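Let's take a friendly walk through a protein model. Have a look at it first, and then we will explore a few of its details together.

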Amino acid sequence: MADFKVNILGCGSATPSLRHLPSCQVVDHRDKLMMVDCGEGAQLAMRRMRLKYSRLNNIFISHLHGDHCLGLPGLLSTMALHDIEGSVTVHTFEEGAELFLRIMNFFCRERTYELKFNIIRPENAIIYEDKSLTVETFPLYHRVPCVGYIFREKPKLRHINREMVDFYRVPVSMLHSIKEGADYELPDGTTIANERLTTPAEPSRSYAYCSDTIYSPRVAEAVKGVDIIYHEATYADAQADKARQRGHSTAGEAAKIALEAGAKKLIIGHYSKSYNDETQHLADARSIFPETIAANEGLTVDIT
Ligand SMILES: [Zn+2]
């Protein structure tokens with residue numbers, strides 16, 4: 001099983017329906033769970049996909065429309081009832097932090113974990129960092145302030161070539177810097193190039209989440225070089241006018257973003273409830289970017 005993947009918990013727009021829940025995803029990086037948007041039904045969807053509350057410490061909200069955050073009070077309250085410990089950080093705009101803190105202080109004052117808020121802005125910034133991963137925001141273009149998120153693995157260490165390291169009698173204390181790319185100097189002053197002592201590191205992988213936005217080449221610029229992109233495709237191409245009026249994209253526009261950004265794979269979602277299925281969305285997107293898949297509740301995509 002891959003150690004970097006995204007789970008789709010909800011990929012409908014506006015309201016829950018019998019076919020789709022509102023926006024919610026959980027990125028799993030080496031068993032650390034990071035939720036992206038938290039529409040209604042998020043906590044039940046987590047249970048259905050067997051994602052443990054105890055492994056969830058960060059929730060990233062793209063914007064303050066109900067279909068992206070109304071699941072938050074329920075999820076955070078349930079986590080307190082499950083005696084979750086440690087901390088949970090909600091990354092959101094200032095108004096969101098004030099609002100959700102008030103709601104939580106009303107319904108769930110006794111919390112078993114520390115509830116924290118990290119204030120984000122619609123700008124390019126690294127807002128989260130751990131040993132092996134960063135999360136960045138970038139602006140999207142919707143009816144209210146909105147951001148996308150890029151989950152990017154940090155550069156990985158090169159692999160030691162055991163035979164060569166033994167041959168040159170490299171001391172153990174030097175091995176870490178050699179894994180990081182340093183050359184080694186022999187006692188007689190000869191330099192041994194790092195490429196002789198190591199083999200290349202695995203490539204660092206990345207995933208971008210582009211929620212509600214009109215089509216903009218600036219989005220493609222922001223996610224350039226990312227391996228796998230999720231992009232909203234509320235409407236099929238025939239409804240391009242409606243998409244623009246409401247601050248959304250069509251499937252073909254999502255595909256254009258993936259193509260311009262040089263992505264390996266595109267996941268489309270945030271479907272309007274006016275469709276009975278996603279056949280037309282997929283056809284529109286694949287005519288521009290063949291490596292498109294349609295999000296669905298319960299789907300897990302490996303980031304490779
Ligand atoms: Zn939405």
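Leaving aside neighbours within four places in sequence, which residues is Ile229 in contact with?

## About the model

This is a predicted model, in which local features need pLDDT of at least 70, side-chain atom pairs count only at pLDDT 80 or more, and totals for chains, interfaces and linings use all residues. Residues are numbered from 1 along each chain as its sequence is written.

The partners of Ile229 are Ala208, Cys210, Val223, Ile257, Ala258, Ala261, Ala263 and Leu266. Here, contact means that the C-beta atoms, placed from the backbone, lie within 7 Å.

Ile229 also belongs to the largest nonpolar core, which has 71 residues; Val223, Ile229 and Leu266 have the most contacts inside it. Such a core is a set of buried Ala, Val, Leu, Ile, Met, Phe, Trp, Tyr and Cys residues joined through C-beta atoms within 7 Å. A residue is buried if 20 or more other C-beta atoms lie within 10 Å of its own, exposed if 12 or fewer, and partly exposed in between. Helix α10 (residues 251-261) gives this core its largest share, six residues. Helices are DSSP runs (H or I, at least four residues), numbered from the N terminus.

## Gly96 in helix α4

Gly96 lies in helix α4. Is Gly96 buried or exposed? Gly96 is buried, because 21 other C-beta atoms lie within 10 Å.

Not counting residues up to four places away in sequence, Gly96 touches Ile61, Leu64 and Cys69. The C-alpha atoms of Gly96 and Ile119 are 8.8 Å apart, although 23 residues separate the two along the chain.

Definitions and conventions:
Helix = DSSP H or I, 4+ residues; strand = E, 2+ residues; numbered from the N terminus. Contact = placed C-beta atoms within 7 Å.
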